[in-house]
Amino acid sequence: MQVDLAHILDGEFESEDRILIEAEVVRDGKVLHTANALNDAVINKGALARLIEFETWVDGEFVNSTRADGIIIATPTGSTAYALSAGGPILHPPSRRW
């Protein structure tokens with residue numbers, strides 16, 4: 001392990017670009033929170049056991065409006081565990097379209 005770290009510190013590694021997502025929580029036209037994520041963005045109802053109604057937009061384009069207890073939006077890097085648990089596909093991390 002120490003040898004591996006020494007190689008990295010010496011610049012002997014390959015970097016790989018990954019997609020980041022930016023998520024915003026907007027209520028009544030006001031941005032309440034903005035965050036960037038490498039794996040996923042989770043928006044949920046909080047501690048109360050109830051449904052929330054929300055709209056989903058991607059790159060300024062309306063996707064849908066729904067009532068649920070939350071939503072998880074995953075990048076190709078973060079999609080593996082969610083996809084496997086639901087019996088879905090695994091996306092190759094450098095994927096650009098999803």
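This is a predicted model: local features need pLDDT of at least 70, side-chain atom pairs count only at pLDDT 80 or more; totals for chains, interfaces and linings use all residues.
The partner of R18 is E16, and a salt bridge joins the two. Their closest N and O atoms lie 2.6 Å apart. E16 is partly exposed as well, at 48% relative accessible area.

R67 is exposed, with a relative accessible area of 53%. E53 is exposed too, at 57% relative accessibility. In total, the model holds two salt bridges.

Backbone geometry was examined next. Most residues other than glycine have a negative phi. D28 has a positive phi, near 55 degrees. D28 sits in the loop between β1 (21-27) and β2 (30-37). Its relative accessibility is 80%, so D28 counts as exposed. D59 also has a positive phi, of about 50 degrees, and is not a glycine. The loop between β4 and β5 holds D59. D59 is exposed, with a relative accessible area of 80%.

The secondary structure comprises two helices and six strands. Along the sequence, the order is α-β-β-β-β-β-β-α. The radius of gyration is 18 Å. The globule rule gives 13 Å for 98 residues, and the value for the protein is well over that, so the protein is more spread out than a compact globule. Taken along the principal axes, the C-alpha atoms fill a box of roughly 50 × 35 × 30 Å.

Of its 98 residues, 15% count as buried. Among contacts between residues at least 6 apart in sequence, 37% join residues at least 24 apart. The exposed surface comes to about 8100 Å². Carbon and sulfur atoms supply 53% of that area.

The protein carries 8 positive and 15 negative side chains. The centres of the two sets lie 12 Å apart.

Key: Residues are numbered from 1 along each chain as its sequence is written. Side-chain values use heavy atoms; hydrogens and water are left out. A salt bridge is a side-chain nitrogen of Lys or Arg within 4 Å of a carboxyl oxygen of Asp or Glu. Buried means under 20% relative accessible area, exposed over 50%, partly exposed in between (1.4 Å probe, protein chains only). Helices (H or I, at least four residues) and strands (E, at least two) are DSSP runs, numbered from the N terminus. The radius of gyration is taken over C-alpha atoms; the globule rule is 2.2 Å times the number of residues to the power 0.38. Contact means heavy atoms within 4.5 Å. Accessible areas come from the Shrake-Rupley method with a 1.4 Å probe; for residues, only the protein chains shown count as cover. Lys and Arg count as positive and Asp and Glu as negative; His and the chain ends are not counted. The place of a charge is taken as NZ of Lys, CZ of Arg, CG of Asp or CD of Glu.
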